[in-house]
Amino acid sequence: MGYKVFVDGQEGTTGLKIFDYISKIPELDILTIESDKRKEPAARSRLLNEADIVFLCLPDAAAKESVELVTNTKTKIINTSSVFRTDPSWVFGLPELKNQRDAIRTATRLSVPGCHATGFILSVRPLVDAGVLPSDYPVSCYSVTGYSGGGRSKIRVYEDAEAVAAGKLDVPRHYALQQNHKHLPEMKMYAGLAYEPIFTPIIANYAQGQAMSIPLTSRYLHKNVTAQHVHELLSAYYDSEPFVRVMPYNSEVFLDDGYFPITACNNTNKLEIFVFGREDRFQIVSRYDNLGKGASGAAIQNLNLMLGFDERNCLE
Ligand SMILES: NC(=O)C1=CN([C@@H]2O[C@H](COP(=O)(O)OP(=O)(O)OC[C@H]3O[C@@H](n4cnc5c(N)ncnc54)[C@H](OP(=O)(O)O)[C@@H]3O)[C@@H](O)[C@H]2O)C=CC1
Ligand SMILES: CC(=O)N[C@@H](CCC(=O)OP(=O)(O)O)C(=O)O
C-alpha cells in the first residue's frame, strides 16, 4: 500500500508541477478531485482527510480554509502558500538551513518558503551565523523574476494577445515599492536579521527563472571581511548540499557576453550562488527556478524527507 497524496489546487501553476513530479513516484497513490468540484469544501474535505500527505497549492485564504478542513491527526500538510511561514507551530521547509532537516523529517505541518525568500535566506543566513554580517546591517536586495511566479492570474495577463500586441508588458516592472512584499517577515526571521530588508522585486516578460541579488560592503561587515572571504564561507556552508552550489568567485565564464543568464537553472531544483564584485563591495546573486527550488521542486524535496526517501528522489 502506497502513501495517499492529494494536491489541493491541482490545476494551478504550482499544483500542476507538483502533480508531474508525484506522478513519477511509484510509492504514492494520487487522489484526484473532479475539476468542477475542486473549490467545493465538502469534496476537498473528504480527500484532505483521506490523504496521508496533502500539498496545498492555493491562494492564502483557500489554504487557511483547507487547514481547517483537516480534522484528523494523520494527514501531513505541505503548504506552498505564504500564510503559515512564520507561524512557530509550522516547520519552515528549507532543508539547507543548519539542523532543519531533522525538523522537516518529523513535520506534520510544513510551509514551503516563498520564492524570493529562498534565495535571500540561503545567501544571508550563513553570514549572520558566522558573525560576519551584523544582524542589524541595513540589508537591501532586489530580485528579478519571470511572470509565472505570480501564478495563473499573472500568466493570463502576460500571455494575453492584446497586451502582447500593445507592447505594454515588454519592459521589466518594479513592484511592492511601498516595502510591503509578503515575503519580508520570513526573510527577516529565517535570515536571522533584526530588521526586514529593503526589498525590490522586479517582474519581467519571460515565463520562469529568478535571480535574487544582495549588495554588501566590507566596511560594515565584522572585521571588514572581503568578498573572497564571503565566497569561501558560503562554499564551506553548502559544500555537501545536493541542490545548492556556490559557483567560482567572480568568474566571467558564467556570464553571457557580460550579462547574467537568469534562466540557466530552469526546470531543475538547483540553486546556484555567485559572488561578483570587488573585494570591498560586491553582491551575492542566487539563481534558481521560481517553480523549482522556489516552489514545486522545494515541496518535493520536503516530501522526500518527510517520507524517508532519498532527498533527490525524482528531482535529478
Ligand atoms: N508560482 C510560483 O512561482 C510560486 C507560487 N507559490 C504559492 O503557491 C500557491 C499557489 O500558487 P500558484 O500555483 O502560482 O497559483 P495559481 O493561481 O496558478 O493556482 C492556484 C489554484 O488554486 C485554485 N483555487 C483558488 N481558490 C480555490 C479554492 N477556494 N479551493 C480550491 N482551489 C482554489 C485556482 O483555481 P482558479 O485558477 O480557477 O481560481 C488555481 O487552480 C500560492 O499561495 C502562491 O503564492 C509559492 C512560491 C512560488
Ligand atoms: C512574480 C510574482 O508575483 N511573484 C510572487 C511570489 C511568488 C511566491 O513566492 O509565492 P508566495 O505567494 O507563496 O509567497 C510575488 O512576488 O508575490
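How many residues surround ligand 1, and which are the closest? In this predicted model, 27 residues surround ligand 1, and G12, T14, S81, G151 and A295 are the closest; a residue is near a molecule if its C-beta atom, placed from the backbone, lies within 6 Å of it. Residues are numbered from 1 along each chain as its sequence is written, while chains are lettered from A and ligands numbered from 1 in the order in which they are written. Because the model is predicted, local features need pLDDT of at least 70 and side-chain atom pairs count only at pLDDT 80 or more, whereas totals for chains, interfaces and linings use all residues.

**Domains and their contact**

The protein chain is assigned domain 1 (3-113 + 295-306) and domain 2 (115-290); these bounds come from an automatic or database domain assignment. A distance of 25 Å separates the C-alpha centres of domain 1 and domain 2. Domain 1 contributes 15 residues to the contact and domain 2 contributes 23 residues, where two residues are in contact if their C-beta atoms, placed from the backbone, lie within 7 Å. On the side of domain 1 that touches domain 2, helix α10 (residues 292-306) gives the most, with four residues. That side of domain 1 divides into six nonpolar, six polar and three charged residues.

**Ligand shells**

Both domain 1 and domain 2 give residues to the shell around ligand 1, so ligand 1 lies between them. Helices α1, α3 (60-69), α6 (151-158) and α10 each supply at least two residues of this shell. Ligand 2 likewise lies between the domains, because domain 1 and domain 2 both give residues to the shell around it. There are 14 residues around ligand 2, and S82, G114, C115, G149 and G150 come nearest. The composition of each shell is tabulated below; Ala, Val, Leu, Ile, Met, Phe, Trp, Tyr, Cys and Pro count as nonpolar, Asp, Glu, Lys and Arg as charged, and the others, Gly among them, as polar.

| Shell | Nonpolar | Polar | Charged |
|---|---|---|---|
| Ligand 1 | seven residues | 15 residues | five residues |

**The six-stranded sheet**

Six strands form an open sheet with parallel pairing, in the order β2-β1-β3-β4-β6-β5. Strands β2 and β5 (91-92) stand at the edges with a single partner strand each, so one side of each has no neighbour in the sheet. Helices (H or I, at least four residues) and strands (E, at least two) are DSSP runs, numbered from the N terminus, and two strands pair if DSSP finds at least two bridges between them.

Strand β1 (residues 3-8) runs parallel to strand β2 (residues 28-31), to which four bridges join it. The chain passes from β1 through helix α1 (residues 13-22) to β2 in a right-handed β-α-β crossover; with the strands pointing away from the viewer, such a path from the first strand over the helix to the second runs clockwise. F6 has L31 in β2 as its bridge partner. Four bridges also pair β1 in the parallel sense with strand β3 (residues 53-56), where D8 stands opposite L56.

**The seven-stranded sheet**

A second open sheet has seven strands in the order β8-β9-β7-β10-β13-β12-β11, with mixed pairing. Its edges are β8 (173-174) and β11 (244-246), each with a single partner strand, so one side of each is left without a neighbour in the sheet. Strand β12 (residues 271-277) pairs with strand β13 (residues 281-288) in the antiparallel sense over seven bridges, and F274 stands opposite V285 in β13.
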